[in-house]
Amino acid sequence: MASDPPKSEPTVRDLDEATVIGEIEVVTAAGEYRKPFALQQIKGPGAPRVHELDFDEVIVGRSNQAHISIDSGLISRRHIALHKSGLEYTASDLDSSNGMYLNGVKTHSVVLREGDTIQIGDVVFVYHEGA
């Protein structure tokens, strides 16, 4: 009984020779992609969710008229405001009933940095800087 000759694995050279050589059109983006400034909601009604900060002033609260509206009885209708100046946002409490906590510390107004946590009532956000 004759046996088939053993099959050998292809070599790197065999694979290179099997590659089709041709021109590939390289496409570049017309503009540079920029990551938006955002609040990533990690706790509270509606979480998880990412809220892009599209305006120079963003109101966060329970009101339907807030830019970021959260249905929670533990936050005020207009709880905090985020103000953009240059490449940074400042978060300010709007004299809410329960206040604002930055990284676990109660504060009234603060410049935000990448990864900061903001808590208002039962809602927790992580701040992300645009790039």
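These notebook entries record what I looked up in a predicted model.

**Entry 1**

I found an open sheet of six strands in the order 2-1-11-10-7-8, with antiparallel pairing. Strand 2 (49-52) and strand 8 (105-107) stand at the edges with a single partner strand each, so one side of each has no neighbour in the sheet. From one strand to the next, I noted an average twist of 30 degrees.

Strand 7 (residues 100-102) and strand 8 run antiparallel and are joined by three bridges. Within this pairing, Leu-102 stands opposite Val-105 of strand 8.

I next listed the strands of another open sheet, which has five strands in the order 4-3-5-6-9 and mixed pairing. Its edge strands are strand 4 and strand 9 (109-111), and each of them pairs on one side only.

I followed the pairings across this sheet. Strand 3 pairs with strand 4 (residues 68-69) in the parallel sense, over two bridges. Here Ser-69 in strand 4 is the bridge partner of Gly-61. With strand 5 (residues 80-85), strand 3 pairs in the antiparallel sense, over four bridges, and Val-60 stands opposite Ile-80 of strand 5. Strand 6 and strand 9 run antiparallel and are joined by three bridges; Thr-90 stands opposite Val-111 of strand 9.

I also asked how many of the five residues of strand 3 are buried. Four of them are, so strand 3 (residues 57-61) is largely enclosed by the rest of the structure.

**Entry 1. His-79**

I located His-79 in the loop between strand 4 and strand 5. Is His-79 buried or exposed? His-79 has a relative accessible area of 0% and is therefore buried. The side chain of His-79 makes a polar contact of 3.1 Å with the side chain of Ser-96. Leaving aside residues up to four places away in sequence, I recorded contacts of His-79 with residues including Val-60, Gly-61, Leu-74, Asp-93, Asn-98 and Ile-120.

**Entry 2. The nonpolar core**

As background, nonpolar side chains tend to be buried together in soluble globular proteins. I found that the largest nonpolar core has 21 residues. Those with the most contacts inside this core are Leu-39, Leu-53, Leu-82, Leu-112, Ile-118 and Ile-120. At least two core residues come from each of strand 3, strand 5, strand 6 (88-93), strand 7, strand 10 (117-120) and strand 11 (123-128). Which strand supplies the largest share? Strand 11 does, with three residues.

I took Leu-82 for a closer look. Not counting residues up to four places away in sequence, Leu-82 touches several residues, among them Leu-39, Leu-53, Val-58, Tyr-89, Ala-91 and Leu-112.

**Entry 3. The aromatic pair**

The ring centres of Phe-37 and Tyr-89 are 5.3 Å apart and the planes stand at 65 degrees, so the pair is edge-to-face. An angle over 60 degrees is what places a pair in this class. I then asked where the two residues lie. Phe-37 is in the loop between helix 1 (12-18) and strand 1 (38-43), and Tyr-89 is in strand 6, so the pair ties together parts that are 52 residues apart in sequence. Both Phe-37 and Tyr-89 are buried.

Terms used:
Residues numbered from 1 in each chain as written. Predicted model: local features only at pLDDT ≥ 70, side-chain atom pairs only at ≥ 80, totals over all residues. Heavy atoms only, no water. Buried < 20%, exposed > 50% of the residue type's maximum accessible area, 1.4 Å probe, protein only. Pairing = 2+ DSSP bridges. Axes fitted to C-alpha atoms, helices over the stretch in contact; angles between N-to-C directions. Polar contact = N/O pair within 3.5 Å; in protein donor to acceptor, adjacent residues only side chain to side chain. Contact = heavy atoms within 4.5 Å. Core = buried A, V, L, I, M, F, W, Y, C linked by side-chain atoms within 4.5 Å. Phe/Tyr/Trp six-rings, centres within 6.5 Å; stacked < 30°, edge-to-face > 60°.
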